[in-house]
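Here is a short briefing on one protein chain. Keep the sequence and the structure side by side while reading.

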Amino acid sequence: MWFNWKAKYNKEFALFEEEDYRMAVFYENVQKLQDWAKGGKRTYKLAINEFADLTQAEFAALYTSPMKPREQTNIAEYDASDLPASIDWREKGAVNDVKNQGQCGSCWAFSAVAAMEGLYFNHNNELKSFSEQQLVDCSKTGGNAGCNGGLMDNAFTWYE
């Protein structure tokens with residue numbers, strides 16, 4: 001399984017000690033996945049991917065933003081009494097495929113763009129793919145820090 005995974009994701013390790021450590025982490029993650037699979041029906045999917053040789057702490061350090069959310073200032077209240085219990089927007093064709101931010105701390109841009117794509121779909125009945133890169137590159141004047149983090153609400157304000 002290890003060698004197939006390495007080949008699929010073009011993983012190479014310069015030192016035997018590094019490969020030995022990564023293989024141990026990989027098999028620990030495989031075990032976690034197998035334990036999770038025994039838990040019954042889930043509302044989400046897990047699978048072995050290119051990050052399977054990383055611990056949670058390593059993944060967080062490489063792929064999450066250090067920015068802290070600011071205090072919420074605009075809280076809207078809605079009457080949800082006439083809404084359905086759930087909606088699967090995938091079935092309606094309102095959700096794009098999953099995108100990968102790579103090692104850029106831009107989850108804020110990806111989540112903001114996904115929200116805007118959904119809003120566009122609801123207003124125009126057409127699914128489009130918007131540019132996360134535009135936010136990463138251009139919204140620094142709006143309080144975001146490119147690949148070093150940002151906030152969805154800053155992205156929304158910048159687009160206004």
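The model is predicted, and the chain averages a pLDDT of 89.

**Confidence**
- In the protein chain, 94% of the residues score at least 70.
- Helix α1 (residues 2-8) has the highest confidence, with a mean of 95.
- Helix α3 (residues 56-63) has the lowest, at 85.

**The disulfide**
- The count comes to 1 disulfide.
- Cys104 is joined to Cys147, with an S to S distance of 2.0 Å.
- Cys104 sits in the loop between α3 and α4 (107-124), and Cys147 in the loop between α5 (132-138) and α6 (152-159), so the bond ties together parts that are 43 residues apart in sequence.
- Cys104 is buried, at 13% relative accessibility. Cys147 is partly exposed, with a relative accessible area of 40%.

- Cys107 is in no disulfide. The nearest cysteine sulfur belongs to Cys104 and lies 9.3 Å away.
- Cys107 is partly exposed, with a relative accessible area of 35%.

**Helix α4**
- Helix α4 has 18 residues. From its first C-alpha to its last it reaches 25 Å, close to the 26 Å expected at 1.5 Å a residue.
- Which parts of the chain do the buried residues of α4 pack against? They pack against α5 and α6.
- Buried residues of α4 include Trp108, Ala109, Phe110, Ala112 and Val113. Met116, Glu117, Gly118 and Phe121 are also among them.
- An α-helix has 3.6 residues a turn, so residues three or four places apart point the same way.
- Just after α4, Asn125 takes a positive phi of about 55°.

**Phe121 in α4**
- Phe121 is found in helix α4. Its relative accessibility is 10%, so Phe121 counts as buried.
- Leaving out residues up to four places away in sequence, Phe121 touches Lys92, Gly93, Ala94, Glu126 and Leu127.
- How far apart are Phe121 and Lys92 in space, C-alpha to C-alpha? The distance is 9.8 Å, while the two are 29 residues apart in sequence.

**Arg22 in α2**
- Arg22 lies in helix α2 (residues 16-37).
- Is Arg22 buried or exposed? Its relative accessible area is 10%, so Arg22 is buried.
- Which side chain does the side chain of Arg22 meet in a polar contact? The partner is the side chain of Glu58, at 2.7 Å.
- Beyond its neighbours within four places in sequence, Arg22 is in contact with Trp2, Phe13, Asp53, Leu54 and Glu58.

Key. Residues are numbered from 1 along each chain as its sequence is written. This is a predicted model: local features need pLDDT of at least 70, side-chain atom pairs count only at pLDDT 80 or more; totals for chains, interfaces and linings use all residues. Side-chain values use heavy atoms; hydrogens and water are left out. pLDDT is the predictor's confidence in each residue, from 0 to 100. Helices (H or I, at least four residues) and strands (E, at least two) are DSSP runs, numbered from the N terminus. A disulfide is a pair of cysteine sulfur atoms within 2.5 Å. Buried means under 20% relative accessible area, exposed over 50%, partly exposed in between (1.4 Å probe, protein chains only). The expected span of a helix is 1.5 Å times one less than its number of residues. Contact means heavy atoms within 4.5 Å. A polar contact is a pair of N or O atoms within 3.5 Å; within protein, one must be able to donate a hydrogen and the other to accept it, and residues adjacent in sequence count only if both atoms are side-chain atoms.
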